[in-house]
Amino acid sequence: MRIPRRALAAAVVLATALPLSACGSPSGAGSSDASGKVEGEITFQTWNLQANFKDYFNGLIAQFEKSHPGTEVKWVDRPAEGYADKISADAAGGTLPDVVNVSPDLVAPLAKAGLALDLDKAAPEYKKDYLEGAWASHRIPGMEGTYAFPWYLNTGPLFYNKRLFQEAGLDAAKPPKTYDEVFASGLTMADKSKGKIATLANVPTIEDFGRYGVELMNKQGTGFAFNDAKGVELLTHYKELYDAKALDPQALTATPESSGKKFLTEAVAMNPGSALDLGNFKKQAPSLYKNIGITDQISSTGHANMYVMGVMVNSRTKQKPAAVAFAHFVTDATRQMEFARKVAIFPSTAGSLDDPYFTKEDGTDETRVRIAAAKSLKTAVNYTPVLFSEQMKTALRNEVAKALQGKESPKEALDNAVKACDRLLQQS
């Protein structure tokens, strides 16, 4: 039940986390004092945004420079592929831009290396401007401080195929609301279809364990803890689904894209997504669109999962007042609302989600999804630990596969996954 990490229609692809060894030493961090006149030249780096949003960012920069005479913002945009490697190389070479578009997993090693400015010290007055969960998303376990302004958010609903539910004798007007209901519906559908229709197409990921209520890390941020009784319980349920063919047999190697295609061809009954998907359903699969059901993310914690992008200030910038002012300007309520109207993302600023754009129905499914997502984001959290690297995601996925195939018990698999992730954490 993983929501694809599609923060932008322009295909922002989150890359691997930076190796700490590439980032230098914390002792080299600059002062947190950001007071002083806003002036000078700064460089602003974004992540695969220029092709689709050139006019928006050029206009934003022009507004800032007009409001702050004596400033000049140089904008550079990097492609999605190799973005993390580029940041790592810049960090190692001392050429990191003044203001950088990051995700929490990318800011973590920079913060540990002393290259990300602590906003709790440098700009505490801005904390109130953002949603609490969004501001907290760029905190690092084991460290004090917040290391990036939250920028745009995303989340999404769970889509389901009403026709497939009805054919299995399930009430399509009452989709599953809890994990237990999802598991029960999956087993029923597999039984009724003689294993031809799976309910889910993805194995559980770290965010699924988080939404199930599993404690993912210890409080100190020094080790992982998702192999507890609740974690084992979740993986055991997925093993039952897999054995009953209620989990698609290709789930072990599935990507969000391949899972989406399974749902599109009506071979899978449920799939996470976003408002962007509705247009694709209407165009590519009219029969599916006619039978599409929309429900909330499944969560045992009462909080949906959020994906968040941020804007970090280089702690060693020579123009700290200008860099902080610009990073806040990019992410303030006015600019975030302007951006949200151009693409299916959501602002992280306090109060913005109460705008009629996110609350007023107009009868369309797209608006219905946008309103539901906006409501859930007010209390959503980023379940993926900021220290959980791509290598760790692979380690967990490999062990989950072994459990589903019966090569290891769910407990053994999660114990091994935690050991592998702890080892990677210590190596970083």
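Student: Which residues of H15 are buried?
Tutor: The buried residues of H15 are Thr367, Val369, Arg370, Ile371, Ala373, Ala374 and Leu377. Buried means under 20% relative accessible area, exposed over 50%, and partly exposed in between, with a 1.4 Å probe and protein chains only. Helices (H or I, at least four residues) and strands (E, at least two) are DSSP runs, numbered from the N terminus. This is a predicted model, where local features need pLDDT of at least 70 and side-chain atom pairs count only at pLDDT 80 or more, while totals for chains, interfaces and linings use all residues. Residues are numbered from 1 along each chain as its sequence is written, and side-chain values use heavy atoms, with hydrogens and water left out.

Student: What covers the buried residues of H15?
Tutor: The cover includes strands E4 (149-154), E7 (292-295) and E9 (346-347), along with helix H11 (275-284).

Student: What span should H15 have, and how far apart are its end C-alpha atoms?
Tutor: Helix H15 covers residues 365-377, and its 13 residues at 1.5 Å a residue should span 18 Å; the end C-alpha atoms are 18 Å apart, which agrees. The expected span is 1.5 Å times one less than the number of residues.

Student: Switching to rings. How many aromatic pairs?
Tutor: The count comes to 30 aromatic pairs. Rings of Phe, Tyr and Trp (its six-membered ring) pair if their centres lie within 6.5 Å; planes under 30 degrees apart count as stacked, over 60 as edge-to-face and the rest as tilted. Tyr179 and Tyr212 have ring centres 5.0 Å apart and planes at 85°, so this pair is edge-to-face.

Student: Where do Tyr179 and Tyr212 lie?
Tutor: Tyr179 is in helix H7 (residues 179-192) and Tyr212 in helix H8 (residues 206-212), so the pair ties together parts 33 residues apart in sequence. Both Tyr179 and Tyr212 are buried.

Student: What about Tyr357 and Phe358?
Tutor: They form an edge-to-face pair, 5.0 Å centre to centre with 75° between the planes. Tyr357 is partly exposed at 21% relative accessible area, whereas Phe358 is buried at 1%.

Student: Which charged end sits over the ring of Tyr357?
Tutor: That of Arg370, 3.9 Å from the ring centre. Arg341 also lies over the face of Tyr357, at 4.7 Å from the centre. The rule asks for NZ of Lys or CZ of Arg within 6 Å of the ring centre and within 35 degrees of the ring normal.

Student: And Thr349, buried or exposed?
Tutor: Thr349 is buried, with a relative accessible area of 2%. Thr349 is found in the loop between E9 and H15.

Note on methods: Contact = heavy atoms within 4.5 Å.
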